Amino acid sequence: MAKRINLLIVAAFIAIGCFFWSISWQLPPDDPGMEEVGIGMFPRFCVYCIIGLSSIVAFSELAFSAQPEKSAAKIDRGGKARIALLFFMLLLFAIFFEWIGFFPGAYIFCFFTLIMLGEKNWWVRLFYPVGLLLFVYVVFIKIMGITLPAGELTDYFFM
Amino acid sequence: MDISSIFAAFSPASLAVIALGTGGGIILGALPGLTATMGVALLVPMTFGMAPVHGLSMLMGIYVGAIYGGCISAILLKTPGTPASAATTLDGYPMAQKGLAGKALGIATVSSGAGGLASAIILIILAPYLAKVALMFGAPEYFALAIFGLTIIVTLSSNILKGLLIGFFGMLLSTIGADPISGYTRFTFGIANLAQGISFIPALIGLFAIAEVFTQLERAFKDKEETAKVKSIFPTLAEIKQCFRAIWRGSIIGTIVGIIPGTGTNIAAWLSYNETRRSSKTPEKFGTGYIEGVAATESANNAVCGGAMVPLLTLGIPGDSVTAVFLGGLIIHGLAPGPRLFVDHPDVVSGLFTGIILANLFMIVLGFVAIRFSTQILRIPRKMLLCAIVIFCALGSYAINQNPFDLLTMLAFGIIGYFCQKYDYSQSALCIAMILGPIAEENLRLALYDSDMDISIFFTRPISLAFIVISLVSLLLPLTKRLKNRILRG
């Protein structure tokens, strides 16, 4: 499994490299007489190195496949599901937090994150995010003066 | 030295932020899995609204505190809080088993403070001279220096080929956005948010903090750790005298190792431990709970903090992942690290030097306070901590540009960082390549313009040639060694 993923990663590097390489030829040169030192030169140099190194890594992966999977301490079976869940929750938070507002969005995010992490105590689930966000409000908004979006939804209900 | 900025570092606001940073760093470092890099990455955006000296001193406090804090869990749990304290477990934990946990933590605090202060003094003496030399560098030297910085980091990855690969990938990513010479935008794919390139701070928060959260999520949670009891924490004068040579040796080794880009706290601690054991009259006592073993490792790993600032401040080359993130802190305050920093912002340099000294002094005081509460610190529920870290990551990524796109950047780099950790690609190499990419590109092109496309310019100038030769040797040496080993094993 690890070998297959390693090969997939290498393939992704090559694909990204080729994509950048094809675009780099559309970039204009800095100076008509010095095309070689133009805007596309350095990216192309990086792509050549990426493709060369990827090929060597892929070859060594295929030729010397005895590399055992990294023994991370106590891998939990639900670990991957937790990562996927957190990723999607963060993605939703990133997309919607300007609309919902930072504080309501962060509260919902914290509440569900605690559930996902296996917190069983309902008081903690409900009130830990309140305490955390109160800390954020005092330190970051009141003391440090950072502006966070109130959110269109909050504006609609409270303005 | 700018006297007014030295006095400014003693203002109540400055002292408060340094103490806050150092205290926070100690707590973060004490918790296994949460690294100094993650702490500095989380705090970089928070320093945005502060005066540069305050913000940078706070980051230094976190760095120093977290490296020290790692010894708390190393001694009490046999689990190093940060990789820097791995060697401390050798003698620290056996001491705790003998009922001497307080003594071990006490000597670790004194040694860390002594190591940190010694390296800060060496930094203050050495950095201005190195900066003067670096002022003579031209485009070929800077290009060679960027390549040198990258190769040194790459050679320390567990897999050099993968380290190089991710390094070039980082350099390719650094070409997204405005070209450093003409200003022409490249590889933006019609996304306006990429016109200025990939936002560096959200990227490094993703690489180091979000990736770490993902990795932590993969493991089973163990909320309640059994810790040793902590009694009589202050070392006696006789014990300090006994450890004096180990502390002195560790401080020198740590500072030298810190100055060499790409080495780091872990290597310094092991080197110092081995050297102290080798030169000891009672080497057989090491590993059985010997106080000198703790002093040797802790003085060395904290001495790295000051040493690692030398290449960053004088050459603009981050020596490890923490200093790479620290560089982000300099950038958001509009400061370009390198020799010009000493000419253009002597006030910031003086203030930062004072801040480093103060951070180490605070570390000693707050360290003894933290020892008193060490068992409580280690019992902070991991679930709550991870939740808070993710919120701070989101807050930090958004706060700099007030742009929700930065949250997506953070998330994307979080995933990249997670895969890097899991499949042996060096995150530090990616991060440093993204920093060094524009420096390398700009100076490569300028050097080639100046020499009419003659690449011999990199080999005919002595400093540039020296950097290229060292880079090649440091790359080829471990590769040939591995190849030789493989051939010998048949």
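Student: Which helix of chain B holds B:Pro94?
Tutor: This is a predicted model, in which local features need pLDDT of at least 70, side-chain atom pairs count only at pLDDT 80 or more, and totals for chains, interfaces and linings use all residues. Residues are numbered from 1 along each chain as its sequence is written, chains are lettered from A in the order in which they are written, and side-chain values use heavy atoms, with hydrogens and water left out. Helices are DSSP runs (H or I, at least four residues), numbered from the N terminus. B:Pro94 lies in helix H5.

Student: Is B:Pro94 buried or exposed?
Tutor: Buried means under 20% relative accessible area, exposed over 50%, and partly exposed in between (1.4 Å probe, protein chains only). B:Pro94 has 16% relative accessibility, so B:Pro94 counts as buried.

Student: Leaving aside neighbours within four places in sequence, which residues are in contact with B:Pro94?
Tutor: Contact means heavy atoms within 4.5 Å. With neighbours within four places in sequence set aside, the contacts of B:Pro94 are B:Thr89, B:Gly287, B:Thr288 and B:Gly289.

Student: Which helices of chain B are included in what covers the buried residues of H5(B)?
Tutor: The buried residues of H5(B), residues 89–97, are B:Thr89, B:Asp91, B:Gly92, B:Pro94, B:Met95 and B:Ala96. Their cover includes helices H4 (52–77), H6 (101–134), H11 (265–279) and H12 (291–315) of chain B.

Student: How do the rings of B:Phe137 and B:Tyr142 pair, and what is the angle between their planes?
Tutor: Rings of Phe, Tyr and Trp (its six-membered ring) pair if their centres lie within 6.5 Å; planes under 30 degrees apart count as stacked, over 60 as edge-to-face and the rest as tilted. The structure holds 31 aromatic pairs over all chains. The centres of B:Phe137 and B:Tyr142 are 5.7 Å apart, and the pair is edge-to-face because the planes lie at 70°.

Student: Which residue of chain B is linked by ring pairs into a cluster with A:Phe93?
Tutor: A:Phe93 forms an edge-to-face pair with A:Phe102, at 6.0 Å centre to centre and 65° between the planes. Both A:Phe93 and A:Phe102 are buried. The cluster also takes in A:Phe97, A:Phe103, A:Phe109, A:Tyr137 and, from chain B, B:Tyr398.

Student: How far is A:Arg44 from the ring centre of A:Trp25?
Tutor: A charge sits over a ring if NZ of Lys or CZ of Arg is within 6 Å of the ring centre and within 35 degrees of the ring normal. A:Arg44 lies over the face of A:Trp25, and its distance from the ring centre is 3.7 Å.

Methods:
Helix = DSSP H or I, 4+ residues; strand = E, 2+ residues; numbered from the N terminus.
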